[in-house]
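Hi,

Here is the structure I promised to pass on.

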Amino acid sequence: MAIRYLEQLLASFIGTAAFGVLFQVPRQTLVQCGLAGMAGWLLNYALMRLSVDLAIATWASAFLVALLAHGMAIRFKVPVTVFIVSGIIPLVPGGMAYDAMRKAVQNDYEAAVQLAAKAFMLSGAIAVGLVFSEVVQQIARSARARQNG
Amino acid sequence: MQHSTEVSGAVAQVCLLAGKIMLENGGETYRVEDTMARIAASFGIQSSHSFVTPTGILFSIEGAEPATRLVRISQRSTDLSKVALVNEISRRIGQGEMTVTEAYGQLAAASRAKPVYSVHWQVAAAAIASGCFLLMYQGRLADVPAAVVAGGTGYYVAATVGRLLSIKFFAELLASFVIGLLSFLSVRSGFGRDLDLIMIGSVMPLVPGLLITNAVRDLMAGHLVSGISKGAEALLTAFAIGAGVALVLTLN
């Protein structure tokens, strides 16, 4: 169990940092990108193990990634996209989209449509997670502005 | 500050160069517009308008000396370091540390800057990422080498073909076909075991993650034209990847 988590921890950290290289993120943010991806994936993995619905788990993880990304973007003075793009990569439902494609090739259109709809739902969950974090940021910003002003 | 038509023309040029670099390297539409408006404002031009789409930027300055410029974006890639660099330059311009000419020079240098990681590093990163994603999709440790080989080769194919041909989706199609073929052969020869997981892990580096994220963020910010066209690009890329994999699956 602990080994399983450790394996996932390492795989998501290294995998996300490698994606950072593909996206040409600034060198000094590579580790932080890996951490964002690791945090998101770990939450997703833990929630999946607790048999939480996958869409909700994805939403929560994307929300966490975006919150972390906003914090790090302010801290390191780098556009927030750098961290968000790398961080949500582990959450992208690549496996499900692939399964949908495979079923379509095997002429099993019913299963293909089901899987594709699910993959679409998960992408939507990522999007909504990002929107939620944006909303939180805006509320925090306007609250701070009111305090100062 | 006295404005002549020349000055507003020069400012417009600086703004457009900044916007062009950002857009070509994977910046979001709202960030491009925001940056251009900020740069214009820090050079004393309070009222400017911009229309940014993934294929071109239209920028105009209002007032006594109006100026309008258009720039076409023909090639787009992902280099977030450059986006960060332009962000940094625009921040310094905002602090009043630069003249218009200096700003233009710095931006021109930024646009010529070499990528932080060379193609070799990227291929290595793609190979490593493939192995890691195989594990994250609950694959076996024994399948990691097959995914590393297939993923690295696939990314190399995509990068090379993408550079040689200007047909965008063909590179992804060919790369995912190569990945599928390599995975298929590795399973046939007993080098790998789980064909599905090896293929999923290896195509992950080709997945248009940046496009999807930016499409969503653009739509959220109300940039409907950009959001939808980026979404369409992402969808077509995903479709090309799927078609390449599907070709191999029909062999099975």
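Below are the conventions, then the contact between the chains, then a sheet.

It's a predicted model, so local features need pLDDT of at least 70 and side-chain atom pairs count only at pLDDT 80 or more, while totals for chains, interfaces and linings use all residues. Residues are numbered from 1 along each chain as its sequence is written, and chains are lettered from A and ligands numbered from 1 in the order in which they are written.

On the contact: chain B puts in 41 residues and chain A 38 residues (contact means C-beta atoms, placed from the backbone, within 7 Å). On chain B's side, the elements giving two or more residues include α3 (80-94), α8 (195-203) and α10 (224-251) of chain B. The largest share, 10 residues, comes from α5(B). Helices are DSSP runs of H or I, at least four residues, and strands are runs of E, at least two, numbered from the N terminus.

Now the sheet. Chain B has an open one of three strands, ordered β1-β2-β3 with antiparallel pairing (strands pair if DSSP finds at least two bridges between them). β1 (48-53) and β3 (67-72) of chain B are at the edges with a single partner strand each, so one side of each has no neighbour in the sheet. Strand β2 (residues 56-61) of chain B pairs with β3(B) over six bridges, and Ile61(B) sits opposite Ala67(B) in β3(B). Helix α2 (residues 29-42) of chain B packs on the sheet, touching β1 and β2 of chain B, and its direction makes about 155° with that of β1(B). Axes are lines fitted to C-alpha atoms, for helices over the stretch in contact, with angles from 0 to 180 degrees between N-to-C directions.

Cheers

Note on methods:
Two residues are in contact if their C-beta atoms, placed from the backbone, lie within 7 Å.
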